[in-house]
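Please look over the sequence and the model before reading on. The paragraphs below are meant to be followed with the structure open beside them.

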Amino acid sequence: MLSESRFIKACRREPVDATPVWFMRQAGRYMPEYREIRGRMSMLEAIRNPEVSRDITLQPINAFQLDAAIIFADILTPLIGMGIDLDFIKGEGPHIENPLRTTRDIDMLGVPAAAEALPFALEAIRLTAAELTPRGIPLIGFCGAPFTLASYAIEGGGSRNYERTKGMMYAEPAAWKRLMDKLVTVLSDLLARQVEAGASALQIFDSWAGALSPYDFDRYVAPYTRQLIENARKSNVPVIYFSTGTSAMLDEVARLGSDVVSVDWRVRLDRAWQTIGSDRAIQGNLDPLLLFAPWREVQAQADEILAQAGGRPGHIFNLGHGILPGTPVETVARLAEYIHEKTARLEQVNL
Ligand code: CP3
């Protein structure tokens with residue numbers, strides 16, 4: 001049934017009645033309903049409570065015309081089960097008390113099964129899919145990519161230059177390989193279990209891959225990411241690879257083998273598609289900052305993206321990165337509606 005949804009059809013490059021839309025970080029602080037819940041509990045408490053996770057996942061689905069939901073969780077929670085002491089600090093973001101600094105730290109990392117380490121995450125997917133399936137809306141499960149997760153685990157939080165991560169990669173290649181292999185094992189299991197629990201598609205977030213040179217990406221990172229994608233595709237759901245800042249190495253990105261490639265706004269969608277190849281679906285690529293602009297500007301740039309997609313099957317409209325706190329809710333609502341209206345009309349004209 002969900003294989004007939006716009007979103008899944010577009011992932012498979014089948015024709016659709018209107019371009020599907022969803023927004024990265026569609027559940028979050030820009031929504032008053034979300035802030036209300038976060039006023040009562042911490043980020044980790046919300047993630048660890050399957051009912052709360054379900055309710056937050058459904059908030060944007062109930063508020064806007066979206067064609068897919070993404071489970072409310074975080075890419076960093078799998079690190080906790082591996083032995084990393086993670087917290088989210090208000091106004092600062094993720095913080096890790098015991099970052100990986102030595103090869104011994106890497107060898108001490110556990111490789112727990114998702115069913116043991118993240119039972120709440122799988123239960124949240126079961127509860128959410130039970131609500132969404134009758135409404136015909138697919139649920140996206142996700143994980144972080146090995147490089148992006150390693151960068152948090154090694155730096156201890158967000159980073160500008162990734163000096164410790166790259167330092168480990170260059171100076172301790174054997175330990176780096178062991179770390180990447182452990183992450184691939186943990187993440188492959190997590191993705192497979194999410195599909196069993198009811199996820200209809202999987203997205204792999206490699207938010208900081210753009211910090212790498214094409215050489216480093218190919219040599220130190222891509223083999224592991226490719227393995228993760230290959231493992232994920234065995235669950236027979238579409239796999240989306242998301243990254244930012246990678247527009248100068250989209251050929252390397254395409255070689256990772258995902259069904260859908262998510263691109264940011266630093267590249268024209270039509271050129272990205274040319275590089276990636278017409279045998280792949282493409283997701284993107286509005287700059288999230290545009291949602292703060294006057295509607296005429298949002299509309300003009302959304303039109304431009306749709307023109308570049310050119311009505312070809314396999315376009316999923318999205319942002320190039322997550323919705324930012326403070327984004328006007330009305331613009332989000334209007335944009336989702338507008339993409340549907342505009343592309344439904346286009347199809348009639350084409351007929
Ligand atoms: O709606 C959704 O997108 C689903 C939930 C989701 C969250 N994080 C919730 C969240 C998803 C898919 C993520 C992925 C994630 N988490 C990524 C990859 C995507 C990206 O944006 O690049 C990354 C890098 C993280 C790590 C992370 N988590 C950071 C850097 C931060 C702090 C930044 C911030 O916005 O505060 C988080 C916290 C976080 N994860 C929030 C949410 C809604 C904000 C927490 C809050 O309520 O204060």
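The model shown here is a predicted one, and the protein in it is built from 16 helices and nine strands. Along its principal axes, the C-alpha trace spans about 60 × 45 × 40 Å. A compact globule of 351 residues would have a radius of gyration near 20 Å, and because the protein has 19 Å, its value agrees with that expectation.

The space that the ligand takes is the largest pocket, and the elements that give two or more residues to the shell around the ligand are α2, covering residues 32-40, and β3, covering residues 93-96. There are 22 residues around the ligand, and those that come nearest are Arg-29, Tyr-34, Asp-74, Ser-207 and His-321.

Which atoms of the protein lie 2.5 Å, 2.7 Å and 3.3 Å from an oxygen atom of the ligand? At 2.5 Å there is a polar side-chain atom of Ser-207, a residue that also belongs to the group coming nearest to the ligand. An N or O atom in the side chain of Arg-38 is 2.7 Å from an oxygen atom of the ligand, whereas for Gln-26 the atom concerned is a backbone N or O atom, which lies 3.3 Å from a ligand oxygen atom. Taken alone, the ligand exposes 860 Å², and 88% of that area is buried by the protein.

Most residues other than glycine have a negative phi, and most peptide bonds are trans. Arg-13, which lies in the loop between α1 (residues 6-11) and α2, has a phi near 60°, a positive value in a residue other than glycine.

Asn-285 is found in strand β8, which covers residues 281-286.

Notes
Residues numbered from 1 in each chain as written. Predicted model: local features only at pLDDT ≥ 70, side-chain atom pairs only at ≥ 80, totals over all residues. Heavy atoms only, no water. Near = heavy atom within 4 Å. Polar contact = N/O pair within 3.5 Å; in protein donor to acceptor, adjacent residues only side chain to side chain. Areas by Shrake-Rupley, 256 points an atom, 1.4 Å probe, with all protein chains shown as cover. 1 Å grid on protein atoms, 1.4 Å probe; cavity = no way out; pocket = protein on both sides within 12 Å on 5 of 7 lines; lining within 4 Å. Sits in = over half its atoms within 2 Å of the grid points. Helix = DSSP H or I, 4+ residues; strand = E, 2+ residues; numbered from the N terminus. Rg over C-alpha atoms; globule rule 2.2 N^0.38 Å.
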